[in-house]
Amino acid sequence: MRFKYVAGKYSCVTQTQTQLIDGTEVAASIRSDLISSVNRITNTGTTPQLATVLMNDDPASQTYVSMKHDDCEEVGIETRDITIDPEAPAAELFDTVDELNTDPSIHGILVQMPLPDHVDEREVLRRIDPKKDVDGFHPENVGRLVAGQPRYKPCTPHGIQKLLIAADIETEGADAVVIGRSNIVGKPMANLLIQKADAGNATVTLCHSRTNDLASKTREADIVIAAAGVPEMIDGDMLSAGTVVIDVGINRVETETGSELVGDVEFESAAEKADAITPVPGGVGPMTRAMLLWNTVKATAITTDVSVELP
Ligand code: NAD
């Protein structure tokens with residue numbers, strides 16, 4: 001098979017080529033454009049600032065937060081790093097969120113999940129000022145998205161939309177199958193795909209762990225978006241020729257020599273069938289990170305009434 005790397009503009013491919021949709025490159029281009037947006041805001045006397053709140057000891061979560069800080073630094077967004085003892089009472093987290101909500105120098109708030117068992121995640125999400133909710137998980141922002149008036153789109157499905165646009169994938173009238181119904185990926189992804197908007201106007205089937213005969217659904221699809229968290233569960237036999245495959249899954253699996261990251265899609269066999277496919281790593285992951293920056297810049301514009309163009 002032959003791959004054609006895709007980022008931003010590119011030429012048509014023949015049927016014998018499979019486009020490798022390169023999220024690393026598209027995300028880099030978005031970050032580069034965001035630098036101009038941040039500069040324009042900074043020139044008005046405001047520097048965008050994201051507050052991250054970490055209340056767990058999980059090394060992976062610590063790494064995610066530190067990567068988010070590095071990304072912010074690259075585009076000129078300041079960060080405030082708040083850590084709370086996982087044993088502390090929930091009230092300490094609530095008080096922190098309340099303070100960040102009213103602090104005018106903070107434009108976006110991100111509470112890193114998961115939280116300790118004694119803290120109700122839903123209560124935390126409801127507590128964040130919806131105008132500073134850069135994850136887009138507050139019920140008000142979820143409702144706005146469903147109603148077709150999105151304020152902040154959750155970063156992963158938003159990033160996938162940007163990838164589909166960058167890769168010139170036609171979604172209008174397409175049959176899209178989304179696998180996974182989580183609040184952070186599957187549900188908002190399905191909602192975005194049905195909107196009357198760019199990277200929308202698709203006919204969506206939302207599949208999940210209780211779906212019967214998943215393969216019969218994926219074989220009918222023009223676009224398959226896999227977000228189940230099950231290593232390599234989608235293979236080429238489950239796809240028709242010409243499908244666009246977006247692999248959201250990030251799964252660490254044991255190998256003879258240690259471990260490796262794989263997606264929810266068995267890449268080799270799927271790429272044989274697909275017209276276009278995202279790799280893991282280097283597909284959706286970098287886009288998720290870039291869209292957090294995008295939402296933070298938007299949050300700065302919203303909370304300070306500065307108008308700014310976003311890429
Ligand atoms: P989740 O566990 O919250 O949801 C998984 C969903 O998949 C559930 O709705 C479940 O019904 C469905 N599912 C599970 N097994 C299934 C099966 N056999 N058939 C059909 N549906 C099935 O997970 P999530 O948070 O939505 O994340 C999904 C995957 O995406 C994980 O691998 C996660 O690491 C990854 N992820 C990646 C990014 C990124 O930036 N690339 C971002 C978020 C999540």
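According to an unreviewed UniProt entry, residues 21-135 carry the annotation "domain: Tetrahydrofolate dehydrogenase/cyclohydrolase catalytic"; UniProt positions follow the numbering used here, feature names are shortened, and annotations may be inferred rather than shown by experiment. The model is predicted, with local features needing pLDDT of at least 70 and side-chain atom pairs counting only at pLDDT 80 or more, while totals for chains, interfaces and linings use all residues. Residues are numbered from 1 along each chain as its sequence is written, and side-chain values use heavy atoms, leaving out hydrogens and water.

**The annotated domain**

- Across residues 21-135, the chain is 50% helix and 15% strand, where helices (H or I, at least four residues) and strands (E, at least two) are DSSP runs numbered from the N terminus.

**Around the ligand**

- The ligand is surrounded by 21 residues, and the closest are Arg181, Ser182, His208, Val248 and Thr288; a residue counts as near if one of its heavy atoms lies within 4 Å of the molecule.
- By class, this shell has 10 nonpolar, 10 polar and 1 charged residues. Ala, Val, Leu, Ile, Met, Phe, Trp, Tyr, Cys and Pro count as nonpolar, Asp, Glu, Lys and Arg as charged, and the others, Gly among them, as polar.
- Helix α10 (residues 284-304) gives the most to the shell, with 3 residues.
- Thr288 has an N or O atom in its side chain 2.6 Å from an oxygen atom of the ligand. For Ile250, a polar backbone atom is 3.1 Å from a ligand oxygen, and for Asn251 a polar side-chain atom lies 3.3 Å from a ligand oxygen. A polar contact here is a pair of N or O atoms within 3.5 Å.
- On its own, the ligand has 860 Å² of accessible area, and the protein covers 70% of that; the areas come from the Shrake-Rupley method with a 1.4 Å probe.
- The unreviewed UniProt entry places the feature "binding site" at Gly180, Arg181, Ser182 and Ile250.
- Arg181 sits in the loop between β6 (175-179) and α7 (186-194). With a relative accessible area of 41%, Arg181 is partly exposed; the scale calls a residue buried under 20%, exposed over 50% and partly exposed in between (1.4 Å probe, protein chains only).

**Cysteines**

- How many disulfides does a search of the whole structure find? The search finds 0, with a disulfide taken as a pair of cysteine sulfur atoms within 2.5 Å.
- Cys72 counts as buried, at 0% relative accessibility, and Cys155 counts as buried at 6%.

**Backbone details worth a look**

- The peptide bond from Met113 to Pro114 is cis, with omega near 0°. Pro114 is found in the loop between β5 (108-111) and α4 (121-127).
- Another cis peptide bond, with omega near 0°, runs from Val280 to Pro281. Pro281 belongs to the loop between β12 (276-277) and α10.
- Asp168 is not a glycine, yet has a positive phi of about 60°. Asp168 lies in the loop between α6 (155-166) and β6, and is exposed, with a relative accessible area of 63%.
- Glu232, also not a glycine, has a positive phi of about 50°. Glu232 is placed in the loop between β8 (223-226) and β9 (244-247) and counts as partly exposed at 37% relative accessibility.

- Thr203 lies in strand β7 (residues 203-207) and counts as partly exposed at 47% relative accessibility. Thr203 and Ala221 are 18 residues apart along the chain, and their C-alpha atoms are separated by 9.7 Å.
- Arg126 is part of helix α4 and is partly exposed, with a relative accessible area of 48%. From Arg126 to Asp198 there are 72 residues in sequence and 29 Å in space, C-alpha to C-alpha.

Note on methods: Polar contact = N/O pair within 3.5 Å; in protein donor to acceptor, adjacent residues only side chain to side chain.
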